[in-house]
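User: Please pick one part of this model and look at it closely. Then link that part to the rest, in short sentences, and give each term its cut-offs.

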Amino acid sequence: MSETRPRTFSRTALARLAVTTEAADASDRYRALAADGDHSPYGQPGELVDYAWRLAEQARAILQAAVVTERLAGTSWETIGENLGEISKQAAHERYGAAETVFRRAALMAWLVPGRADDQLGELADADAALARLTRWLQAPHQPPAAGADPGTRPASAVSEPLPPGYPEMSDTERAGLIIEAANLLTGVGTYKRAGVTEHERRDVELGLARRKVELYEAIAADRPDDTEHADLLAGARARLATLEGDELAARRSTRKDQS
């Protein structure tokens, strides 16, 4: 049996999944807060305030993730500010602009270096599994969890089919944009003027960018076999990838030799 290849979700889909999974977790916690008896999460002095404070912190995290999702979907800072209590676009950007950059960079790095996606995105690194857990949660009857249990724990489930609305896979257009963005990340310009790559990250990012270029140009070549421009781009990308992989292999051999 052939192994199903994981889907590559758009960054907007990943950001929205961050909102919805956190909201599902919060919903369970609010149910627990409203419960009585064995389901009550509090009983000692101060525990009720502590639980409510944690929910307030979670609500702020959901709001931040919602702003990031809107930005990735193209919503202007002006519109976001209007919906944050009529604050200015400058104030909205000052409050949430850094969070947007952090998420953009994390999702880009996860796309370029899938082997380290967990470090960048946590549970969102396996978006199929996160979406499956969310789908299972939405379909299940909800009861307040027993005292002492984690209200946000939801078991994994099979991947839902078809893909639910609002969680699109990455398009070739977005891939092309991310390739340009990755080049900016490497050179530290534009959005990444203050958030470029470290020397430790550079080799992995260069390799990842070369692989993603080959992947995109191969997809375009398959759809448009007579497109000579992209055929040339594919040849160049493959040559660049071969050079980088050769350099990587040589570096590993040198490291092993030094360690022996």
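Analyst: Sorted by class, the second largest pocket is lined by 12 nonpolar, four polar and four charged residues. A pocket is an open set of points on a 1 Å grid over the protein atoms alone, where a 1.4 Å probe fits, with protein on both sides within 12 Å along at least five of seven lines; lining residues have an atom within 4 Å of a point. Ala, Val, Leu, Ile, Met, Phe, Trp, Tyr, Cys and Pro count as nonpolar, Asp, Glu, Lys and Arg as charged, and the others, Gly among them, as polar.

This is a predicted model: local features need pLDDT of at least 70, side-chain atom pairs need 80 or more, and totals for chains, interfaces and linings use all residues. Residues are numbered from 1 along each chain as its sequence is written, and side-chain values use heavy atoms, without hydrogens or water.

Back to the pocket. Its lining has 20 residues. Nearest the centre of the second largest pocket lie Ala18, Ala61, Ala65, Phe103 and Leu124. Four helices, H1, H2, H4 and H5, each supply at least two residues of this lining. H2 has the largest share, six residues. Helices (H or I, at least four residues) and strands (E, at least two) are DSSP runs, numbered from the N terminus.

Now place the pocket in the whole chain. The protein chain has nine helices and zero strands. Along the sequence, its pattern reads α-α-α-α-α-α-α-α-α. There are 260 residues in the protein chain, and 37% of them are buried. Buried means under 20% relative accessible area, exposed over 50%, and partly exposed in between (1.4 Å probe, protein chains only).

Next, the nonpolar cores. The largest nonpolar core has 27 residues. Such a core is a set of buried Ala, Val, Leu, Ile, Met, Phe, Trp, Tyr and Cys residues joined through side-chain atoms within 4.5 Å. Phe103, from the pocket lining, is among the residues with the most contacts inside this core. Phe9, Leu14, Leu17, Leu121, Leu134 and Tyr167 are on that list too. The elements giving two or more residues to this core are H1 (11–34), H2 (47–72), H4 (89–112), H5 (117–121) and H6 (127–139). H1 gives the most, eight residues. A second, separate core holds 26 residues, including Met109, Ala195, Leu209 and Leu234. In soluble globular proteins, nonpolar side chains tend to be buried together.

Follow H4 to Trp111. Trp111 sits in helix H4. Trp111 counts as buried because its relative accessibility is 4%. Beyond its neighbours within four places in sequence, Trp111 touches Thr8, Met170, Arg175, Leu178, Ile179 and Arg212. Leu178 is 67 residues from Trp111 in sequence, yet their C-alpha atoms are 9.0 Å apart in space.

Arg175 leads on to the charged pairs. The structure holds 19 salt bridges. A salt bridge is a side-chain nitrogen of Lys or Arg within 4 Å of a carboxyl oxygen of Asp or Glu. Arg175 forms one with Asp172, with the closest N and O atoms 3.6 Å apart. Both residues lie in helix H7 (residues 172–187), three residues apart, about one turn of the helix. Arg175 is buried, at 16% relative accessible area, whereas Asp172 is partly exposed, at 34%. A network of salt bridges links Asp172, Arg175, Arg212 and Glu215. Side chains of opposite charge can pair when their charged atoms come close.

A further salt bridge joins Arg238 and Glu218, with the closest N and O atoms 3.0 Å apart. Arg238 lies in helix H9 (residues 228–259) and Glu218 in helix H8 (residues 199–223), so this pair ties together parts that are 20 residues apart in sequence. Arg238 is partly exposed at 44% relative accessibility, and Glu218 is partly exposed at 36%.

One last stop is the loop between helix H3 (77–82) and H4, where Glu86 is found. Glu86 has a positive phi, near 60°, though it is not glycine. Most residues other than glycine have a negative phi. Glu86 is exposed, at 65% relative accessibility.

Definitions and conventions:
Contact means heavy atoms within 4.5 Å.
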